[in-house]
Amino acid sequence: MALAAPVAHMLGEGQDENASWGRGEDYYEYFIVDNDKEKLEYYEALGVILEYNGRKCVANPLVPDKCIAYTKRYEEDRFRFKPPAASPDFYSRCIRCGLCYFQCHYMGYNAIRLASLRDGLKAFGTPIIDDHIRHPCTLCMECTRVCPTGALERVLEEAKERARKKERKQGKETFDRTIIANYPDLVKKTRMGVALIDPDLCWAWNSGDCKSCAKACPFGAEVFDFLFTPWGVHTRVKAVVRDDGTIETKCVGCGLCVAACPVVGSAIHVLPEEEFVRRYRNFKNTGMSYEEYLKKILDVEDHDPFKAVLRAMEINNVFLLDIRGIKKEKIKTELAAERSLGESKTT
Amino acid sequence: MSSTRGGRRTGRKPGIARRIKLWVRGTPPRRKYTWARRALQLVLLLLFSFQFLVSGVIIKGSLASSRLFEGHVPGLSAIEMMDFFAWLEQAAATHSPSAVSIIAVAVVFILYMLLLGRFFCGWVCPMDLLFSLFERKFTRMNAPPLTRPHHYGRVEGIIPLLLMLVYLALSVILGQPFFTSISPVASTTKLAAIIQGIIYNIPGAAVGLALSWATLTGIALFVNIIAEYVFGVKRLWCRFICPIGNIYGFIANRYSPLRVKVVHPEKCVKCNVCSMACPMSIDLVYYIANGRDIKDYRCLHCGRCAEVCPYGVLSLGFRLPKPAGQKTGGVREEGYWLEHP
């Protein structure tokens with residue numbers, strides 16, 4: 001509609017409704033060692049110092065002519081998401097009644113908040129999930145149950161219905177929210193975004209043994225993939241981007257992994273699908289896709305131990321521990337859970 | 001005002017026995033409907049605003065869509081209710097009526113469309129509570145049209161209908177429910193969202209929501225107060241702008257069993273107290289003179305006219321619609337000065 005175009009633009013139709021809170025283009029930050037004389041000398045001795053905009057930064061051992069880049073803290077790289085199972089015509093269906101917001105609060109999650117005028121006129125009054133670190137969505141699917149208009153589709157009921165049909169023949173009826181993962185079309189409906197791990201920031205990609213994200217994930221090993229190597233438990237989200245821009249994954253972007261990550265500012269971020277495809281195809285502006293980048297790391301670890309040690313121990317771990325920091329209490333709770341599990345097994 | 005209380009002026013105060021009797025029976029202007037209305041509106045507003053104290057078991061949501069007695073209704077998860085105009089706008093925006101909400105709308109449709117008429121505006125809507133705080137109490141009978149009690153003409157009756165169509169058209173053009181997303185009615189009952197956001201420190205829920213809540217409610221209040229005090233038009237928002245109640249008024253007020261009844265038309269002395277008390281500027285004497293029940297689309301069923309009438313001409317209650325042509329037995333006077341063609 002021609003008449004609608006200017007009005008629609010005023011309402012934010014043309015703008016990206018998932019626009020990042022931070023500066024969307026620059027989603028990474030550099031390891032700049034200008035002010036730290038000790039580190040500067042150390043890295044100069046190792047020969048990995050580059051000039052970037054007149055400042056000294058550490059080079060990426062995998063791509064020696066580029067500075068090493070890390071995903072920004074979650075607070076500077078967060079996105080607005082619609083609640084799970086939002087229908088394609090979400091803004092037309094939503095009548096801004098706030099039932100999902102109230103229900104999310106009564107469930108005790110507080111993941112959903114109502115958009116205020118600051119979030120744009122189009123989104124005003126609709127539910128938004130945008131703080132995964134403090135209040136991740138737990139996929140309880142209560143918001144979809146109470147939605148009166150079908151703006152949030154009743155995915156869980158449908159999955160249960162299908163499971164019931166299937167399992168009635170087998171004579172058992174046991175299912176919970178994770179049965180959504182059995183139906184690829186329902187997973188696609190439920191999807192808010194897709195999680196992406198930064199292998200330079202992730203502890204498990206740099207000699208660690210973490211798996212926090214995979215433990216927190218409601219779908220567990222259906223979404224996460226592990227590669228046990230002497231260089232750490234390499235964890236990744238199973239996601240394949242096809243040539244036409246579709247993503248094949250079971251990740252629905254609930255954000256529980258973001259909350260569980262012990263790295264300050266989280267090494268795993270949930271991205272909207274378009275943003276995920278953009279970052280996946282040109283990861284950290286190196287010209288390599290995410291897949292190729294990971295392969296290069298594995299390749300270096302297999303054939304060039306010096307470079308691998310330089311990457312993991314001398315650069316990434318220093319950034320991780322000195323600049324970002326690791327939240328010890330999160331690891332402690334992880335360990336405590338493991339310990340109690342072990343005890344209960346023995347007794 | 002106190003001189004007209006009880007319709008009699010005596011030198012001494014009435015005794016205690018008589019006072020109790022008057023209190024029980026009520027003295028004109030009897031305030032029974034107003035008290036009940038205010039009580040219901042306040043209770044509903046408080047239930048909505050502090051729904052989180054009981055985890056939304058009694059009532060949940062806002063007036064755009066709510067769920068009653070979650071988990072305590074046998075056979076149902078809850079009694080769902082959804083605003084009729086929101087459903088219409090949503091159907092316009094998505095180009096197809098939603099089947100999910102059909103039960104929720106049916107509840108509201110049966111309640112208001114078939115039973116209570118425009119009851120929602122006078123007894124449930126929190127904006128009525130706010131508007132009546134700033135209401136002008138008196139209108140001169142010789143004031144210009146629109147500002148005095150009058151029977152609506154063809155133009156005035158069509159403005160709210162046109163606005164409704166404009167809202168629906170805007171919903172189609174913008175692809176989102178237009179009036180529902182800026183409606184002060186739903187927004188006011190979402191006060192709980194702000195209180196919750198402050199108490200439980202929900203990120204982004206407190207300040208932004210409070211501002212938008214205040215903006216929406218404030219715009220409606222501002223428009224209404226300016227219209228009332230500067231231009232002398234009573235309840236501009238309810239009469240023309242807000243489609244939520246108008247759609248009940250247009251469709252249901254004509255046939256709804258709940259209505260302001262003309263019970264003793266022969267007692268009317270045409271003092272116009274009822275017309276002047278009416279918040280929607282209905283010319284009630286016109287109806288009384290014709291011996292008809294009040295079926296005006298503007299009537300909120302608030303009962304103000306019935307409670308101020310010193311002679312008990314009017315009363316609020318249920319009466320099934322009468323066949324056309326049959327009158328309540330009024331005393332129509334030829335050449336009555338407020339009569340309309």
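Let me start with one residue: Phe222(B) has its place in helix α11 of chain B. Helices here are DSSP runs of H or I with at least four residues, strands are runs of E with at least two, and both are numbered from the N terminus. Is Phe222(B) buried or exposed? Phe222(B) is exposed, because 11 other C-beta atoms lie within 10 Å. The cut-offs are these: 20 or more other C-beta atoms within 10 Å of a residue's own make it buried, 12 or fewer make it exposed, and anything in between is partly exposed, with C-beta atoms placed from the backbone. Phe222(B) and Phe131(B) lie 91 residues apart in sequence, and their C-alpha atoms are 9.8 Å apart in space.

A word on the source. This is a predicted model, in which local features need pLDDT of at least 70 and side-chain atom pairs count only at pLDDT 80 or more, while totals for chains, interfaces and linings use all residues. Residues are numbered from 1 along each chain as its sequence is written, and chains are lettered from A and ligands numbered from 1 in the order in which they are written.

Now chain B as a whole. Chain B has 16 helices and five strands. Of its 341 residues, 43% count as buried. Another residue to look at is Ala36(B), in helix α2 (residues 32-49) of chain B. Ala36(B) is partly exposed, with 14 other C-beta atoms within 10 Å. From Ala36(B) to Lys267(B) the separation is 231 residues in sequence and 26 Å in space, C-alpha to C-alpha.

Back to α11(B), and its neighbour α10(B). Two packed helices are described by the angle between their axes and the distance between the axes. For α10(B) and α11(B) the angle is about 155 degrees and the axes are 9 Å apart. Axes are lines fitted to C-alpha atoms, for helices over the stretch in contact, and angles run from 0 to 180 degrees between N-to-C directions. The two helices, α10(B) and α11(B), are therefore roughly antiparallel; angles over 145 degrees count as that, under 35 as roughly parallel, 65 to 115 as roughly perpendicular, and the rest as oblique.

Which residues meet there? From α10(B) come Leu191(B), Ala193(B), Ile194(B) and Gly197(B), and from α11(B) Leu209(B), Ala210(B) and Trp213(B). Contact means that C-beta atoms, placed from the backbone, lie within 7 Å. By class, the contact of α10(B) with α11(B) has six nonpolar residues, one polar and no charged. Nonpolar covers Ala, Val, Leu, Ile, Met, Phe, Trp, Tyr, Cys and Pro; charged covers Asp, Glu, Lys and Arg; the others, Gly among them, are polar.

Next, the two chains together. How many residues of chain B are in contact with chain A? The number is 41, against 35 residues of chain A. On the chain B side, α11(B) gives the largest share, five residues. That side of chain B divides into 18 nonpolar, 19 polar and four charged residues.

Last, helix α4 (residues 99-107) of chain A. Eight of its nine residues are buried, so α4(A) is largely enclosed by the rest of the structure. Among the buried ones are Leu99(A), Phe102(A) and His105(A). The cover over the buried residues of α4(A) includes β5 (113-114), β6 (127-128) and α5 (142-146) of chain A, along with β1, β2 and α10 of chain B. Just after α4(A), Gly108(A) has a positive phi of about 90 degrees.

Notes
Contact = placed C-beta atoms within 7 Å.
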